[in-house]
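Please open the model in the viewer and keep the selection tool at hand. The stops below can be followed in order.

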Amino acid sequence: MGIVAGLDSSSAFTRIVVCDADTGAVLRQGYAPHPVEAKATDVDPQAWLLSLGEAAAGGLLEGVQAIGVSAQQHGLIALDSAGAPVRPAMVGNDKRAQAAAADLVEAFGGRQAWAEAVGSVPQAGLPVSKLRWLARNEPEAARRTSLVLQPHDWLVWQLLGRPARRTTDRGAASATGYWSAGTGSYRPDLVGLALGHEAALPEVLGPADSAGTTPEGLLISAGTGETMAAAFGLGLGTGDAVVSLGATGSVMAIHHEALADPSGMITSFADATGMHLPVVHTLNAVRALRGTAEMLGVEDLSELSELAMKSTPGASGLVLLPYLEGERTPHLPHTAGTLTGLRRESMKPEHLARAAFEGMLCSLADALDVLRGRGVVVRRVFLLGQAAELPAVQAGAPAIFAAQVVVPQPADYAARGAARQAAWALGVAQGTLNPHTPPSWQGAAAQVFEAGEELAVGQAVRQQYAATREQIHPGAFNP
């Protein structure tokens with residue numbers, strides 16, 4: 001069918017993969033950091049274009065027929081009536097809007113009202129919260145705002161030569177706080193509530209639609225947010241979940257319908273294929289491992305894992321509730337971590353190391369159970385992040401999660417997902433692919449782990465953890 005490219009513009013860099021449109025085989029790759037400070041919260045969006053140009057240098061895109069774009073979620077580009085930014089872009093991980101988010105929750109009638117309206121409760125990162133912050137802190141910029149885009153929307157618009165038509169996709173739109181994955185429609189009233197007046201919003205394209213064609217004849221697909229692109233790049237389907245191990249953690253799964261959750265633990269995103277992608281976040285994952293390593297004087301996580309493997313499941317009765325920064329799932333924002341089960345025989349470094357790994361995995365299993373409790377089927381769990389390679393994680397995860405665990409080989413899955421979407425749009429445009437069936441690409445190379453005979457042991461570890469959690473924080477999941 002041809003050659004396609006996927007570009008991922010993350011918070012720090014641009015990655016581009018060029019793939020065979022039929023098989024997904026990666027033919028060549030490009031990379032460039034963004035020319036901005038690592039912790040900058042206000043960014044000139046032109047920096048993303050400079051990074052894109054550098055990543056694509058040297059003829060990387062030669063022969064490419066279609067491009068897909070994924071980008072950091074939750075960023076906000078507020079534009080005036082001429083299409084110029086009224087201020088620098090606010091990036092996705094900007095936390096300034098925390099008070100604005102709480103203000104919006106109250107102004108619209110509480111968490112349940114938001115969950116029913118758009119499938120998510122405002123958090124600091126969401127564009128709707130950033131709009132409220134803008135209205136409260138930079139009212140002149142807010143007054144001049146007539147069009148609101150996210151980074152992926154803006155990049156697609158730029159690639160197409162800034163046409164009158166501005167587009168997004170349902171995945172990126174579902175991460176705004178003013179588009180509902182359940183109804184498939186915007187809530188302009190929520191933009192008005194946040195900004196003080198309504199603003200133009202990009203047209204929401206279907207998964208296999210194209211946003212347009214560049215002056216050079218390149219087809220640009222709908223594009224999507226990084227989370228949705230990574231899920232598509234991994235080839236997730238019904239029954240699959242992803243557990244992401246960063247400093248914080250997240251659990252997401254493919255589901256057939258949007259989930260409204262008044263507790264705010266589930267954020268109801270749309271995916272890049274026409275399905276739904278409910279996500280549950282935890283505030284503590286690998287940070288609990290790093291804290292334990294520092295406490296034990298261990299140099300790195302590999303050494304901590306080695307130490308943990310000298311212990312046995314259950315960590316000789318030690319249980320660590322890893323709520324070091326408070327917790328979002330369950331909703332315990334002001335709590336701290338707890339270590340219980342200290343006895344003379346359990347007070348050994350290897351048991352504390354094991355308790356840290358088991359506490360992290362049990363906390364993420366709690367997040368998985370939030371989804372399972374709403375009817376989401378989870379048979380297979382993809383583990384992402386550097387910690388997924390640690391033997392202590394791989395040994396405990398299948399039995400604690402009660403599922404097959406897949407550890408994919410590290411790769412640029414968001415860029416790969418964007419390229420797969422480009423191949424889909426190209427195939428539909430050429431009449432060789434069905435708009436309801438994405439191209440079948442070879443799955444990611446991966447290690448696969450089964451619970452096997454350890455399932456009962458893993459569930460006993462979970463029961464020990466749950467009993468401790470309930471004792472320290474009674475009713476945490478049933479307030």
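In this predicted model, begin with the second largest pocket, which holds about 350 Å³ of space. Select Val26, Ala411, Arg416, Ala444 and Ala445: of the 16 residues that line this pocket, these are the closest to its centre. Next, colour strand β3 (26-33) and helix α14, each of which supplies at least two residues of the lining. By class, the lining of the second largest pocket comprises 8 nonpolar, 6 polar and 2 charged residues.

How are the rings of Phe232 and Trp424 placed relative to each other? Their centres are 6.0 Å apart and their planes meet at 40°; because that angle falls between the limits of 30 and 60 degrees, the pair counts as tilted. Now show the solvent-accessible surface of the two residues. A search of the whole structure finds 5 aromatic pairs, the pair of Phe232 and Trp424 being one of them.

The last stops concern arginines placed over aromatic rings. Select Phe13 together with Arg15: Arg15 lies over the face of Phe13, at 4.7 Å from the ring centre. Then move to Trp133, where Arg96 lies over the ring face at 4.6 Å from the ring centre.

How values were computed: Residues numbered from 1 in each chain as written. Predicted model: local features only at pLDDT ≥ 70, side-chain atom pairs only at ≥ 80, totals over all residues. Heavy atoms only, no water. Phe/Tyr/Trp six-rings, centres within 6.5 Å; stacked < 30°, edge-to-face > 60°. Lys NZ or Arg CZ within 6 Å of the ring centre and 35° of its normal. 1 Å grid on protein atoms, 1.4 Å probe; cavity = no way out; pocket = protein on both sides within 12 Å on 5 of 7 lines; lining within 4 Å. Points joined across faces, edges and corners; volume = space filled by probe spheres on them. Helix = DSSP H or I, 4+ residues; strand = E, 2+ residues; numbered from the N terminus. Nonpolar A, V, L, I, M, F, W, Y, C, P; charged D, E, K, R; others polar.
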